[in-house]
Amino acid sequence: MSGELAFTGPITVIGGGTMGQGIATAALSAGLATTVVDVDPGSLERARAAIARRVGRAFGDDTESVLARLTLATDLEEAVATSSGVIEAVPEILPLKIDIFHRLARAAGQGTLLATNTSTISIARLAEACDGSDRVIGMHFFNPAHKMQLVEIVTAESSSESTLHDALTLASTLGKDPVVVNDVPGFVTSRLGLLLGTEAMRMVDEGVASAADIDKAMRLGYGHPMGPLELADLVGLDVRLNNLRSMYERTGSSQYSPPKILEQFVRDGRLGKKSGHGFFDYDSAPAKQQS
């Protein structure tokens, strides 16, 4: 399916949200014919607009030729039937992902790479939903996916060597620098990153320090490019809450029990940067800590 030096596509990205938009932008920028699938036509139009803005900044006068490789679709089965690779990037909701991989087992070609962008859900569980296919693997991208260099390649026991090879080849084609991780709860990045972010949230709730000073301490003291609370706002506090619930369910560890402040923020619609308010206020620049 894939060549020695490059993954030639075409690929399908399932999900027109933030991560799907970033992954599709990376694929288009790498020269791959790319279909974005979403059940909501409005989400697809928003995805196209976001992708066009990003491609426009990168390619200037060549923007239209790059966007000519983009297709939008609401029919998953039709979209994946001719794809060489599929990357699922829907929200971290297990029944939703299981349903998608159950459908992929019947709709995708036998040699198609079937990747999930999950940050916490078991790859083995999704492979089981896909009739035990050895083509299922994790490809965990990071937001913004068109810029961030890392991709976490997560292998289940059922993932074949050729599947790993194809995932690594696709990551390289997209200009990413992958790490290979076994299928354990949270993999490497979520297992560590969720702990840091969750403890930072608890510190805000306990009045240990302000959100701004906690983030400043991690930037200046540990060299982090952004603080854990700013990162949570960027990812989306609703997404972070789903991540923690998944990890808590899988591990039973109180370390991953969602902080009360996070649950309250999500109930109040304070979802981070995308809603304008989270641990910081994004309605004006520079960001200010919420009281």
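This is a predicted model: local features need pLDDT of at least 70, side-chain atom pairs count only at pLDDT 80 or more; totals for chains, interfaces and linings use all residues.
Local features need pLDDT of at least 70 and side-chain atom pairs count only at pLDDT 80 or more, while totals for chains, interfaces and linings use all residues. Residues are numbered from 1 along each chain as its sequence is written, and side-chain values use heavy atoms, with hydrogens and water left out.

**View 1. The open sheet has eight strands.** Their order is β3-β2-β1-β4-β5-β6-β7-β8, with mixed pairing; strands are DSSP runs of E, at least two residues, and helices are runs of H or I, at least four, numbered from the N terminus. Two strands pair if DSSP finds at least two bridges between them. At the edges sit β3 (70-73) and β8 (177-182), each pairing on one side only.

**View 2. Strands β5 and β6 run parallel.** Three bridges join β5 (residues 113-116) to β6 (residues 136-140). Look for A115, which stands opposite I137 in β6.

**View 3. K97 is a buried residue of helix α5.** The helix covers residues 94-107. K97 counts as buried because its relative accessibility is 0% (buried means under 20% relative accessible area, exposed over 50%, partly exposed in between, with a 1.4 Å probe and protein chains only). Leaving aside residues up to four places away in sequence, K97 touches E88, V90, P91, E92, T116, T118, I121 and L126; contact means heavy atoms within 4.5 Å.
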